[in-house]
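Work through these exercises with the structure open beside you. Try each task before reading its solution.

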Amino acid sequence: MAGSLLADPGAAPDDRVVKILITTAAGSVGRELTELLRRNPDVRYLVRSDRSAASLGPVAGRIVRGDAGDPADVRAAVDGVERLYLAHPYCTGQAEVEIGLARAALEAGVTRIVKLGALPWRTAGEPDPVTGAHEVVVDRLQAMGVPELTVLRPDRFLQNFLGQIDSIAAGVLADPGGPGSRGFIDTRDIAEVAAAKLLAERPVGGQLPLSGPERVTVEALAGEFGAVVGLPVRYRSVVPDADWQARLVRTGLSAEYVAGLAALYRNYRAEAESELGTGVQAVLGRPPRSAADFASDVLAGALTRR
């Protein structure tokens, strides 16, 4: 069903217009979701800056410039909307921003919310602000009684390694997440699941753990990346200690933000292996993309463009 809806992105089968709002449209998943829906005239894309708006390129729907934390901007964005893709980058007050968006959306008549969350920890660890914010939002959405609530719970994004493209090209992949094995996921798969849930004709809902097809270590990822680079790529473990945090703060990031990242990475390091999610197969009817797929499709292109 999802495939046919994506191929024909017009009105719903009963000819009733379904308006969708995509928040954080220029984010890691939002950008892929925009690519899937850009021909649909009934989709709005909420971005904060003119630069982000320009980066999305032409869309058949409408790009809305606004601050997700500003109540007036949010009310304008959700006016007339029926379905919401809810996401926001990690920051101080993230939970409050997402909850405010959801509340305004429900007041405007939204009946379906697809929330981008995080994969739960398999082992109990120190609570971290990054995943903790997602859980606060999910709990509040459930308390609000969202008629159709889907929570996407992905593992670590493969696309996040694109921030190291120069280092990878030089033969080094550094990571503070430790030696454990995880179901690293391609954000294209997350976006396709989100699109399917947003466009589905029948009511949807539930919690969807999302991952790649197998658990891999970052060291194994380095090997996959090296095959594309054409030279060995060495994995370098980074400890998210006080010195690491201080270096990031010197780049202009806030100390609070960096402390949250450090806590997140400590939890990654404490977890020997993550859960493998079945959400991609369940929704899309195919296996998720592998790390090798990501390397040949996405990393190779990024290396060519650098």
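**Exercise 1.** Which are the buried residues of helix H4 (residues 71-78)? Find what covers them.

Solution. This is a predicted model. Step one: go through H4 and pick out residues under 20% relative accessible area. The buried ones are Val74, Ala77 and Val78. Step two: look at their directions from the helix axis. They cover an arc of only 85 degrees, so they sit on the same side of H4. Step three: look at what lies over them. The cover includes strand S1 (20-23), strand S2 (43-47), strand S3 (62-65) and helix H5.

**Exercise 2.** Describe how helix H5 (residues 94-107) and helix H6 (residues 129-144) pack.

Solution. Two packed helices are described by the angle between their axes and the distance between the axes. Step one: take both values. The angle is about 25 degrees, and the axes of H5 and H6 are 9 Å apart. Step two: classify the angle. Angles under 35 degrees count as roughly parallel, so H5 is roughly parallel to H6. H5 and H6 cross in a right-handed way. Step four: list the contact. H5 contributes Gln94, Ala95, Glu98, Ile99, Ala102, Arg103 and Leu106. From H6 come Ala133, His134, Val136, Val137, Arg140, Leu141 and Met144.

**Exercise 3.** Check the span of helix H9 (residues 218-229), then locate its buried residues.

Solution. H9 has 12 residues, and at 1.5 Å a residue it should span 16 Å. Its end C-alpha atoms are 16 Å apart, so the two values agree. Step two: name the buried residues. In H9 these are Val218, Leu221, Ala222, Phe225 and Gly226. They cover an arc of only 145 degrees around the axis, which puts them on the same side of H9. Step three: find the cover. It includes helix H7 (165-169), strand S7 (172-175), strand S9 (234-237) and helix H13 (291-305). Step four: look just past the helix. Gly230 follows H9 and has a positive phi, near 95 degrees.

**Exercise 4.** Is Val29 buried or exposed? Name what it touches.

Solution. Val29 lies in helix H2 (residues 28-37). Step two: apply the cut-off. Buried means under 20% relative accessible area. Val29 has 2% relative accessibility, so it counts as buried. Step three: list its contacts, leaving out residues up to four places away in sequence. Val29 touches Tyr85, Leu116, Phe157, Thr187, Ile190 and Ala191. Step four: compare sequence with space. Val29 and Asp186 are 157 residues apart in sequence, yet 9.3 Å apart in space, C-alpha to C-alpha.

How values were computed:
Residues are numbered from 1 along each chain as its sequence is written. This is a predicted model: local features need pLDDT of at least 70, side-chain atom pairs count only at pLDDT 80 or more; totals for chains, interfaces and linings use all residues. Side-chain values use heavy atoms; hydrogens and water are left out. Helices (H or I, at least four residues) and strands (E, at least two) are DSSP runs, numbered from the N terminus. The expected span of a helix is 1.5 Å times one less than its number of residues. Buried means under 20% relative accessible area, exposed over 50%, partly exposed in between (1.4 Å probe, protein chains only). The arc is that of the directions from the helix axis to the C-beta atoms. Contact means heavy atoms within 4.5 Å. Axes are lines fitted to C-alpha atoms, for helices over the stretch in contact, and angles run from 0 to 180 degrees between N-to-C directions. Angles under 35 degrees count as roughly parallel, over 145 as roughly antiparallel, 65 to 115 as roughly perpendicular and the rest as oblique. A crossing is left-handed if the near helix is turned anticlockwise from the far one by less than a right angle, and right-handed if clockwise.
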